[in-house]
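Please read the numbered points alongside the sequence and the coordinates.

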Amino acid sequence: KLGNTNIPKLFLPGLDFYNGITMAIDSLKNEGVEIEVWIYDTKKKDQSSESLAAEMSPLGFSLIIASFSNIAEQKTFSNFSFSKNIPLVSATYPNDAYVNANPYFLMVNTSLKTHIEAIYKYVQRNYPVGKFIFVTRKGSMEDKIQNMFSEAGKKTYPLNYKTVQMPDNFTAEQLLPLLDSNRQNVVICGSLDEKFGANLIKVLDQAPSYQIITIGMPTWDGLKSVSNTSNQTLEIVYSTPYNYSRSDKVITEITTLYKTKFNGRPSDMVFKGFETMYCFSKLLLKYHNNLLNNLSDSSFKISGNFQFQPVKLNSDAQIPDYIENKKLFFIHVQQGAIKGIN
């Protein structure tokens, strides 16, 4: 029930994903593709995930595309996909909670563990010298990230970095004395908390006399502070499995169509909805019951090639716990502009 004419912000990601899905359906129709698509709202009033799965059970779907927002939904539909042998594309939720021994579960949005391991290797490969500082805050998730980062170093030669725990609203006076004015500083953010990350960027933006590379978490993709810096000696780098370049031909076409249809600028959720609906529908039609063995086919890519690999949480497991997209892009931003994508 809407109390005024404004749509609450919490509605927008799901609505944008839905709009991307429907735009992809229109494109498939225009190509003469014949598929039957059912769309379910997991937030429908007086409906549980279990009752929705029971409703879907007798309908014989060939593919499920989902934008989950919590682990309860994920658990229900992961179990459902396995019991029915239906490939399930988790398009936006980067979490493997309650997903195990299910080779039908496809995680597009790369897990945190994969991000942390990739960040470690990226720093190690691209910044061999300098002063390395791992900045974190107090919290259970931060402890988990710190442990992941430490474990990543055990698989290769270790980085010589200093770990610093800061309060949420730390100041330049607390952090900048830890930097070195005579060499490159590589500052790694060890928290997913967006306010903490924004504060870190704000503090480093006040240090024009230092050469700084700051490595952010995946939550920095879309963080306003990333594009609001003025310090020319500060370079921001963050990882993302999505590469929706606004100069790309297809992305430009989707943006133009969205503006015409909805009189607005599409968010990344629009592109995620479009991409997963279009690409996986085309792959399903091309390979039918052999989709899972042909996920590396990039014939229908939108933003960049997915790199799906099986993940075994236990090395002795007979089957994968899920299939994960391991492809990551590293976005370099300086003074609000993208300087490069690796």
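1. Strand β11 (residues 329–334) is joined to strand β12 (residues 337–341) by four bridges, and the two run antiparallel. Two strands are taken as paired if DSSP finds at least two bridges between them; helices (H or I, at least four residues) and strands (E, at least two) are DSSP runs, numbered from the N terminus. Val 333 has Ile 338 as its bridge partner in β12. The two strands make a hairpin with two residues between them, and Gln 335 in the turn has a positive phi of about 50°.

2. The model is predicted: local features need pLDDT of at least 70 and side-chain atom pairs count only at pLDDT 80 or more, while totals for chains, interfaces and linings use all residues. Residues are numbered from 1 along each chain as its sequence is written, and side-chain values use heavy atoms, with hydrogens and water left out.

3. Is β11 enclosed or open? Six of its six residues are buried, so β11 is largely enclosed by the rest of the structure. Buried here means under 20% relative accessible area, exposed over 50%, and partly exposed in between (1.4 Å probe, protein chains only). In a regular strand the side chains alternate between the two faces of the sheet. In β11, one side carries Phe 329, Ile 331 and Val 333, the other Phe 330, His 332 and Gln 334, and both faces are covered.

4. Strand β8 (residues 234–240) is also mostly covered, with seven of its seven residues buried. Leu 234, Ile 236, Tyr 238 and Thr 240 lie on one side, and Glu 235, Val 237 and Ser 239 on the other. Five bridges join β8 to β11 in an antiparallel arrangement; Ser 239 stands opposite Phe 330, and Tyr 238 stands opposite Ile 331. Strand β7 (residues 212–215) runs parallel to β8 and is joined to it by four bridges, with Ile 212 opposite Leu 234.

5. The largest nonpolar core has 49 residues, and those with the most contacts inside it are Tyr 127, Leu 204, Ile 215 and Trp 220. Such a core is a set of buried Ala, Val, Leu, Ile, Met, Phe, Trp, Tyr and Cys residues joined through side-chain atoms within 4.5 Å. Helix α4 (residues 112–126) gives the most to this core, with six residues. Apart from this core lies another, of 34 residues, among them Met 23, Leu 63, Val 89 and Tyr 278.

6. Which residues does Leu 204 contact, leaving aside its neighbours within four places in sequence? They are Leu 175, Leu 176, Leu 179, Val 187, Ile 212, Thr 214, Asn 231 and Leu 234, where contact means heavy atoms within 4.5 Å.

7. A nonpolar patch on the surface is formed by Ile 7, Leu 10, Phe 11, Leu 12, Leu 15, Tyr 18, Ile 35, Val 37, Ile 39 and Leu 285, with about 850 Å² of accessible area together. Patches are made of residues with over 30% relative accessible area and no salt bridge, like charges being joined within 9 Å and nonpolar side chains (Val, Leu, Ile, Met, Phe, Trp, Tyr) within 5 Å. The areas come from the Shrake-Rupley method with a 1.4 Å probe; for residues, only the protein chains shown count as cover. Helix α1 (residues 12–30) supplies the largest share of the patch, three residues. Ile 7 lies in the segment before α1 and counts as partly exposed because its relative accessibility is 43%.

8. There are 11 salt bridges, each defined as a side-chain nitrogen of Lys or Arg within 4 Å of a carboxyl oxygen of Asp or Glu. Lys 113, Glu 117 and Lys 155 are linked in a network of them. Lys 113 and Glu 117 meet at 2.7 Å, N to O; both lie in α4, four residues apart, about one turn of the helix. Glu 117 also pairs with Lys 155, the closest N and O atoms being 2.9 Å apart. This pair links distant parts of the chain, since Lys 155 lies in the loop between α5 and β5 (161–165), 38 residues from Glu 117. Lys 113 is partly exposed, at 44% relative accessible area, whereas Lys 155 is exposed, at 61%.

9. Arg 137 forms a salt bridge with Glu 142, at 3.1 Å between the closest N and O atoms, and both residues are buried.

10. Ala 152 lies in helix α5 (residues 140–153) and counts as buried because its relative accessibility is 7%. Not counting residues up to four places away in sequence, Ala 152 touches Glu 117 and Tyr 120.
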